[in-house]
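Good morning, colleagues. Please look at the model on the screen while I take you through its fold, its surface and its charged contacts.

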Amino acid sequence: MDATQDIDRRLEALEIKVSYTEDLLEQLNMTIYRQQQRIDGLLHQLAELRQQTPDDAAGPRTARDELPPHY
């Protein structure tokens, strides 16, 4: 009986670990899903901003344009 109880105890421990692992995997999947939604939204906003400010409208940029205003 002792061997059977040991096997039962080990099996129960493995089932608990699998349960925690499944829960963690689901949480990670949801985190990745939410992050992908945010990335998609940011890419959409970036595309809109690029359409609003065409590159050639501001003229050519020089290194002097990159200096902070206090120089």
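Does D6 count as buried, partly exposed or exposed? This is a predicted model, and in it D6 has a relative accessibility of 30%, so D6 counts as partly exposed. The limits that matter here are under 20% for buried and over 50% for exposed.

Let me turn to the partner of D6. A salt bridge joins D6 to R9, with 2.4 Å between the closest N and O atoms. As a general point, side chains of opposite charge can pair when their charged atoms come close. Both D6 and R9 belong to helix α1, which covers residues 2–52, and they are three residues apart, about one turn of the helix. R9 reaches 53% relative accessibility and therefore counts as exposed. The count of salt bridges comes to one.

Next, the chain as a whole. It contains one helix and zero strands. How many of the 71 residues, as a percentage, count as buried? The figure is 0%. The chain exposes about 7300 Å², and carbon and sulfur atoms supply 57% of that area.

Finally, I would draw your attention to a nonpolar feature of the surface. I39, L43 and L46 make a nonpolar surface patch of about 260 Å². One of these residues, L43, is placed in helix α1. Its relative accessible area is 51%, and L43 is therefore exposed.

To summarise, the predicted model has one helix, a salt bridge between D6 and R9, and a nonpolar patch made by I39, L43 and L46. Thank you for your attention.

How values were computed:
Residues are numbered from 1 along each chain as its sequence is written. This is a predicted model: local features need pLDDT of at least 70, side-chain atom pairs count only at pLDDT 80 or more; totals for chains, interfaces and linings use all residues. Side-chain values use heavy atoms; hydrogens and water are left out. A salt bridge is a side-chain nitrogen of Lys or Arg within 4 Å of a carboxyl oxygen of Asp or Glu. Helices (H or I, at least four residues) and strands (E, at least two) are DSSP runs, numbered from the N terminus. Buried means under 20% relative accessible area, exposed over 50%, partly exposed in between (1.4 Å probe, protein chains only). Accessible areas come from the Shrake-Rupley method with a 1.4 Å probe; for residues, only the protein chains shown count as cover. Patches are made of residues with over 30% relative accessible area and no salt bridge: like charges are joined within 9 Å, nonpolar side chains (Val, Leu, Ile, Met, Phe, Trp, Tyr) within 5 Å.
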